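Me: I would like to learn how to read the features of a structure model with some care. Could we take them one at a time, with the general idea leading into the case at hand?

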Amino acid sequence: QAIKAATNFTPSKDDYQKVYNAIADILEDNDYDDGSYGPVFVRLAWHSSGTYDKNDGTGGSNYATMRFPSEAQHGANAGLDVARAKIEEVKEKFPWISYGDLWTLGGVCAIQEMAGPKIPWRPGRIDGFAKDATPDGRLPDATKVADHLRTIFYRMGFDDHAIVALSGAHALGRCHRDRSGFDGPWTFSPTTFTNDYFELLMNDKWTWRKWDGPKQLQDKTKTLMMLPSDFALVQDKEFKKWVKVYAEDSNKFFADFSKYFSELLELGVPRAQFVSSEPWIMKTTEEQSS
Ligand code: DDH
């Protein structure tokens with residue numbers, strides 16, 4: 001086993017729970033403007049996994065290739081240096097964990113601690129080399145619509161249903177002018193995991209914002225935003241079916257999101273590398289305190 005050979009130590013589930021708890025501990029550190037590192041940790045987990053190409057098996061979270069400048073500098077990854085630098089504090093305490101495991105566990109921890117569903121997760125990713133870094137263009141482009149979303153997500157092995165479910169992560173966080181160029185949050189509670197993204201997409205009136213930035217939509221209050229790629233989910237008939245389901249049924253969204261996000265985090269990881277045959281359910285800090 002790679003982990004064992006490198007450190008002469010086989011971590012147990014309990015050791016990974018300690019890592020989870022250490023991530024939970026820094027989520028709300030006040031050295032960050034957004035109130036929580038949770039959303040940007042979710043984005044780090046997603047961008048480290050969503051590079052997977054099912055056609056040749058490259059990409060995905062296995063080798064944590066965003067550590068290398070060639071991938072860190074992709075436009076889509078702008079701003080994720082903030083997440084990587086912060087979660088490094090946890091790596092220093094638990095040097096035996098691989099970056100792929102750390103970053104994906106960061107996403108799991110963030111979702112669960114922000115009142116989201118449990119995300120089944122298991123360790124086993126190993127650190128790769130610069131030569132494993134993926135080419136630019138594998139992550140979705142926010143200026144594009146349905147066809148593009150299908151090209152990107154089908155390449156990972158996902159279908160229309162999964163595209164819509166996973167997009168619900170935009171209930172969390174916001175766009176930053178100095179990262180993507182876009183501006184603002186999608187929901188009124190960007191540090192709590194909800195189905196509000198779908199409810200707002202379906203029921204709010206969205207108009208193009210008149211400003212000097214990239215094309216984006218705004219709600220009546222002019223505080224919330226949608227990207228062209230978000231709005232595509234209600235412009236396309238197949239996608240819209242699922243938007244409506246999730247707008248009306250939060251439990252269904254939580255269950256489907258959990259399933260697809262868990263799958264996303266395992267893309268490209270050879271099964272034999274996983275330390276257990278089934279994913280684990282990590283405990284929330286709240287469960288451990290009661
Ligand atoms: Fe996203 N996302 N995302 N996203 N995303 C941004 C922020 C966040 C797209 C573009 C952007 C997913 C899908 C898509 C999160 C999670 C997920 C930003 C703003 C852009 C742009 C970045 C910035 O300026 O800081 C596009 C396009 C797609 C798509 O077409 C499907 C998915 C699938 C996920 C997921 O996690 C499963 C999160 C969380 C954020 C908020 C980050 C933050 O710092 O806050």
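**The iron site and its surroundings**

Reply: In this predicted model, the iron atom of the ligand has a single donor from the protein, namely NE2 of H170, at a distance of 2.1 Å. A donor has to be an N, O or S atom within 2.8 Å of the metal, and water is not among the atoms, so a site of this kind may look incomplete.

Me: Where in the chain is H170 found?

Reply: H170 belongs to the loop that runs between helix 8 (160–167) and strand 1 (174–175).

Me: Which residues come nearest to the ligand?

Reply: There are 25 residues around the ligand, and the nearest of them are L149, H170, R174, H176 and S180.

Me: How many aromatic pairs does a search of the whole structure find?

Reply: Such a search finds 22 aromatic pairs. To take one of them, the ring centres of Y16 and W280 are 5.8 Å apart with their planes at 55 degrees, and the pair is therefore tilted, since only plane angles over 60 degrees would count as edge-to-face.

Me: Why does the pair of Y16 and W280 tie together parts that are 264 residues apart in sequence?

Reply: The reason is where the two partners lie, because Y16 is in helix 2 (residues 13–26), whereas W280 is in the loop between helix 12 (250–266) and helix 13 (285–289). Both Y16 and W280 are buried.

Me: Is the pair of Y246 and F253 stacked, edge-to-face or tilted?

Reply: The centres of the Y246 and F253 rings are 5.5 Å apart and their planes meet at 55 degrees, so this pair is tilted. Y246 and F253 are both buried, and they belong to one aromatic cluster that also includes F193, Y197, F198, W242, F254, F257 and F261.

Me: Which charged groups lie over rings?

Reply: Two cases can be given, and in each the distance is taken from the ring centre. R150 lies over the face of F239 at 4.2 Å, and the charged end of K215 sits over the ring of W208 at 4.4 Å.

**Burial and position**

Me: Is C109 buried or exposed, and how does C175 compare with the cut-off?

Reply: Burial is judged by relative accessible area, and a value under 20% counts as buried. C109 has a value of 0% and is buried, and C175, at 6%, counts as buried too. As for disulfides, the count comes to 0.

Me: What can be said about W186 and S48?

Reply: W186 is in the loop between strand 2 (184–185) and helix 9 (196–203), and it counts as buried at 4% relative accessibility. The C-alpha atoms of W186 and R125 are separated by 32 Å, the two residues being 61 residues apart along the chain. S48, in turn, lies in helix 3 (residues 38–49) and counts as buried at 6% relative accessibility, with a polar atom of the S48 side chain 3.0 Å from the backbone oxygen of A45.

Key:
Residues numbered from 1 in each chain as written. Predicted model: local features only at pLDDT ≥ 70, side-chain atom pairs only at ≥ 80, totals over all residues. Heavy atoms only, no water. Phe/Tyr/Trp six-rings, centres within 6.5 Å; stacked < 30°, edge-to-face > 60°. Helix = DSSP H or I, 4+ residues; strand = E, 2+ residues; numbered from the N terminus. Buried < 20%, exposed > 50% of the residue type's maximum accessible area, 1.4 Å probe, protein only. Lys NZ or Arg CZ within 6 Å of the ring centre and 35° of its normal. Donors = N, O, S within 2.8 Å, 3.2 Å for Na, K, Ca; no water. Near = heavy atom within 4 Å. Disulfide = S-S within 2.5 Å. Polar contact = N/O pair within 3.5 Å; in protein donor to acceptor, adjacent residues only side chain to side chain.
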